[in-house]
Protein chains: 2
Amino acid sequence: MSESGNVDRAEGSRSRALAELRELLGDRLSTAPSVREHHGRDESYHPAHPPDAVAFPESTREVASSVEICARHRCPVIPFGGGTSLEGGVAALEGGVSLDLSGLDRILEIHPDDLDCRVEAGVTRGRLNRAAGDHGLFFPIDPGADTATLGGMAATRASGTNAVRYGTLRENVLGLTAVLADGQVIRTGGRARKSAAGYDLTRLLVGSEGTLGVITEVQLRLHGLPEAIATAVCPFEDLDGAVRTAIEIIQWGVPVARMELLDEVQIEATNRYSDRRDPLRPTLFFEFHGSPSAVAEQVATVARLAGEHGGLDWRSSDDPAERAALWHARHHAYWAALALRPGAKGWPTDVCVPISRLAECIAETRLDIESEGVTAPILGHVGDGNFHLVFVVDPEDPGEMDRARRVNERMVARALAMGGTCTGEHGVGYGKIDSLEAEHGSGVEVMRRIKEALDPDGILNPGKVLRR
Amino acid sequence: MSESGNVDRAEGSRSRALAELRELLGDRLSTAPSVREHHGRDESYHPAHPPDAVAFPESTREVASSVEICARHRCPVIPFGGGTSLEGGVAALEGGVSLDLSGLDRILEIHPDDLDCRVEAGVTRGRLNRAAGDHGLFFPIDPGADTATLGGMAATRASGTNAVRYGTLRENVLGLTAVLADGQVIRTGGRARKSAAGYDLTRLLVGSEGTLGVITEVQLRLHGLPEAIATAVCPFEDLDGAVRTAIEIIQWGVPVARMELLDEVQIEATNRYSDRRDPLRPTLFFEFHGSPSAVAEQVATVARLAGEHGGLDWRSSDDPAERAALWHARHHAYWAALALRPGAKGWPTDVCVPISRLAECIAETRLDIESEGVTAPILGHVGDGNFHLVFVVDPEDPGEMDRARRVNERMVARALAMGGTCTGEHGVGYGKIDSLEAEHGSGVEVMRRIKEALDPDGILNPGKVLRR
């Protein structure tokens with residue numbers, strides 16, 4: 001058969017899929033250009049790849065029926081949570097149907113006695129935290145975007161500012177409900193704190209970025225709201241002193257709840273954007289959780305360590321308003337960076353290294369940014385050895401994009417040479433497939449065998465994580 | 001071809017495999033009956049299923065060559081660590097070659113600054129802890145047996161007394177080196193604290209019990225030795241009060257390092273075996289880690305909670321000798337239980353439930369044990385919601401074995417009905433395959449597809465986790 005015959009047949013099949021989906025979902029299937037455009041784009045510089053249609057299911061059963069229809073017609077299915085991914089995870093590279101899971105928005109169970117809950121995939125972390133707060137509990141994983149959904153966070157193995165103390169999504173998930181590539185629904189894990197019962201399908205799906213299954217429900221651990229909370233801010237003589245302080249805090253085993261680095265470029269951006277007056281120095285933002293005496297002990301230890309490494313002006317506080325302002329500024333760091341250059345786009349990237357190599361990795365990356373002459377604030381979850389650049393770029397300027405690409409490639413190579421990873425928390429999407437191959441070599445072939453076993457027709461988020 | 005022709009061909013192929021292995025390993029391949037018998041049996045009541053031969057490789061490369069030889073001849077490969085498994089994990093159900101990994105015994109790297117290490121699979125946890133201790137560090141996972149190997153602990157997702165604070169093997173593994181079913185070597189994970197780079201092959205292999213790959217190296221997190229340590233012992237009026245104390249401690253967020261329940265039957269056994277004089281009451285053993293003030297705060301909080309729930313005689317101590325005696329007694333609980341009835345065998349089993357259901361689950365199980373008239377002390381890592389029975393049985397007495405089996409089946413069914421798991425830490429082996437199917441239903445079919453993708457000929461530890 002000719003190639004165009006194949007294409008015709010594929011298009012015919014795809015329109016039959018859309019017709020069946022319309023029968024299932026009625027006007028909860030949209031082909032409006034603005035809706036498609038919105039669902040083909042994430043928060044980064046990656047160009048939009050709109051799907052052919054966007055489906056708005058409202059239950060696991062509707063997701064299962066939708067996937068089953070798409071499977072019969074070999075139509076790609078791209079799960080869509082809050083659209084806050086950064087490596088092109090939601091792009092419909094081969095068209096197909098974007099499954100917008102925001103209608104799966106029920107908080108199904110909160111068990112205060114067991115410190116766990118079950119929510120549908122479209123529930124945002126902000127909403128879960130408001131509900132958990134009524135029971136004196138919270139869900140610690142905080143990637144910054146309050147509109148990130150818990151399904152999306154599970155699919156990308158999200159992390160963020162609290163991971164240094166509470167772990168990532170991986171450590172805080174107990175189980176999942178997922179729809180497989182043929183429309184079958186499985187429940188993984190359970191409510192027990194630990195289990196030795198068979199393969200860890202939960203953690204196989206966590207971080208698989210929608211390529212192995214569509215996550216529709218998430219069973220999560222919750223934590224008691226701390227009795228006391230304090231924050232602190234400390235500017236440093238230089239970047240090295242700030243990073244060395246962070247390293248020693250980890251090595252001393254101080255259980256800081258958050259420990260965030262912002263370099264002087266990011267501080268300048270954040271001062272402007274969030275109306276702060278922090279000195280233009282590399283700065284650490286801290287948060288401490290515990291009993292009042294434990295918090296006081298942590299604050300004293302960290303203040304001492306900062307002083308030993310060129311900390312210039314240690315300011316701690318237990319004022320909730322000051323705390324809110326601090327983390328608001330940190331969470332808006334990305335938008336602050338973009339505002340450095342109106343009209344520019346953000347290209348966020350991240351790596352994670354063993355903490356003993358962090359100072360060196362950041363310093364070499366800083367030099368590389370300067371010698372290439374690109375704008376790229378550095379910030380990060382330094383307690384984990386994880387840091388970010390945000391390239392503030394004009395995607396229409398090929399020279400500038402090349403310079404950013406070189407800085408990024410060298411940073412990834414540097415992190416891998418130090419025993420680190422090409423992405424601590426942003427994921428692979430289609431932006432970091434080369435880096436994944438550089439990092440895992442023959443392991444990528446094993447990932448591909450698993451993908452083929454679970455999704456033989458390759459309909460689930462094609463072109464993400466693994467090359468087509 | 002006749003069936004006997006098939007068998008002849010399989011046997012011819014298997015003896016060719018052994019000949020090639022002998023060429024590779026020389027006298028590090030043994031077919032001596034005593035060696036085979038030892039490698040076909042674990043620490044439980046499961047009968048020995050000796051392999052055809054036992055190989056003693058001394059490097060990842062030799063493991064890879066051995067597996068490659070076995071793969072060509074479709075000869076089963078059963079990884080063997082310390083032989084301390086409890087659900088028949090090392091049994092050579094279809095014959096084949098037991099790969100004894102004790103010769104992979106190098107501690108390859110300890111990075112005190114990064115709190116991590118890399119060791120070969122045959123290194124025991126006792127040895128790692130002695131080496132880590134020189135750097136002021138320790139590896140917290142403690143399943144009880146000092147002779148358990150870290151490769152075996154990874155393969156079975158080991159847990160134990162410290163998991164309530166430090167997590168299980170799953171949370172403390174950074175990466176693995178493993179030999180796949182065709183002899184290919186892969187490295188998974190890395191040294192970064194967290195990563196969003198692709199599928200979590202590390203945690204897919206952890207707990208796969210040698211059915212997806214042979215783990216030859218383990219990259220692990222280490223923790224700083226606590227500045228202060230205290231222990232405490234408290235007998236209770238009744239089982240319910242002890243369990244309710246444990247539940248409240250978790251709900252209050254007290255970071256106890258260990259919290260172990262022993263019922264009065266187990267206390268009697270332990271008193272005799274370890275020469276202790278604990279009152280014959282349900283009893284909690286505790287350990288606390290932290291700064292001196294944090295430990296004092298934890299001890300005071302827990303003593304108060306115990307007093308509110310019928311705690312009779314709270315005794316805390318910071319004497320290292322007393323601590324050593326306490327945990328020696330706890331770690332020998334299994335042998336103490338067996339000594340209740342000389343000549344009997346132990347059938348240990350465990351479940352794990354959401355902690356709010358723990359008191360009810362233990363109480364109903366206790367009643368069931370009494371009404372069936374079997375001997376079965378209860379003990380457990382109650383902070384995780386995990387508890388164990390040890391049936392002290394005569395495997396030659398079918399009536400007694402039936403009664404134990406009924407108690408076990410009802411306990412698993414009870415745990416599953418409460419949202420728990422059929423095994424918190426012992427694993428599936430071939431003893432709990434029915435329970436795994438009851439727990440995970442269609443998820444087991446997904447596990448099977450992964451198994452077939454990675455080990456299409458089914459040579460890796462056949463008959464374990466998944467039914468043949």
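The model is predicted: local features need pLDDT of at least 70, side-chain atom pairs count only at pLDDT 80 or more, and totals for chains, interfaces and linings use all residues. Residues are numbered from 1 along each chain as its sequence is written, chains are lettered from A and ligands numbered from 1 in the order in which they are written, and side-chain values use heavy atoms, with hydrogens and water left out.

The interface of chain A and chain B was examined next. Contact, defined as heavy atoms within 4.5 Å, involves 74 residues of chain A and 74 residues of chain B. The size of an interface is often given as the accessible area lost when the parts come together. Between chain A and chain B about 5800 Å² is buried, with 56% of it on carbon and sulfur atoms. This buried area is the accessible area (1.4 Å probe) that the two parts lose on being put together, summed over both.

Salt bridges between chain A and chain B number 4. The term requires a side-chain nitrogen of Lys or Arg within 4 Å of a carboxyl oxygen of Asp or Glu. One salt bridge pairs Glu425(B) with Lys194(A), with 3.2 Å between the closest N and O atoms.

Several elements give two or more residues to the side of chain A that touches chain B, among them α9 (239-251), α11 (292-308) and α17 (442-454) of chain A. Helices (H or I, at least four residues) and strands (E, at least two) are DSSP runs, numbered from the N terminus. The largest share of this side, 9 residues, comes from α17(A). Its residues divide into 28 nonpolar, 28 polar and 18 charged. Nonpolar covers Ala, Val, Leu, Ile, Met, Phe, Trp, Tyr, Cys and Pro; charged covers Asp, Glu, Lys and Arg; the others, Gly among them, are polar.

Helix α17(A) was then considered by itself. Its 13 residues should span 18 Å at 1.5 Å a residue, and the end C-alpha atoms are 19 Å apart, which agrees. The expected span is 1.5 Å times one less than the number of residues. Buried residues of α17(A) include Val446(A), Met447(A), Ile450(A) and Leu454(A). The buried residues of this helix pack against α8 and α16 of chain A, and also against β9 (185-189), α8 (201-205) and α17 (442-454) of chain B.

Over all chains, the count comes to 86 salt bridges. Glu94(A) and Arg468(A) form one of them, with the closest N and O atoms 2.7 Å apart. Glu94(A) lies in the loop between β3 (77-80) and β4 (97-100) of chain A and Arg468(A) in the segment after α17 of chain A, so the pair ties together parts 374 residues apart in sequence. Glu94(A) is partly exposed at 31%, whereas Arg468(A) is exposed at 59%.

In chain B, Glu437(B) forms a salt bridge with Arg467(B), at 2.8 Å between the closest N and O atoms. Glu437(B) is in helix α16 (residues 433-440) of chain B and Arg467(B) in the segment after α17 of chain B, 30 residues apart. Glu437(B) is partly exposed at 28%, and Arg467(B) is partly exposed at 39%.

Strand β8 (residues 173-179) of chain B holds Thr177(B). Thr177(B) is buried, at 4% relative accessibility. Beyond neighbours within four places in sequence, its contacts include Thr60(B), Val185(B), Arg187(B) and Thr216(B).

Positive phi values were found in non-glycine residues. Leu115(A) has a phi of about 55 degrees. Leu115(A) lies in the loop between β5 (107-111) and β6 (116-120) of chain A and is buried at 10%. For Asn461(A), phi is near 40 degrees. Asn461(A) lies in the segment after α17 of chain A and is buried at 2%.

Technical notes. Buried means under 20% relative accessible area, exposed over 50%, partly exposed in between (1.4 Å probe, protein chains only).
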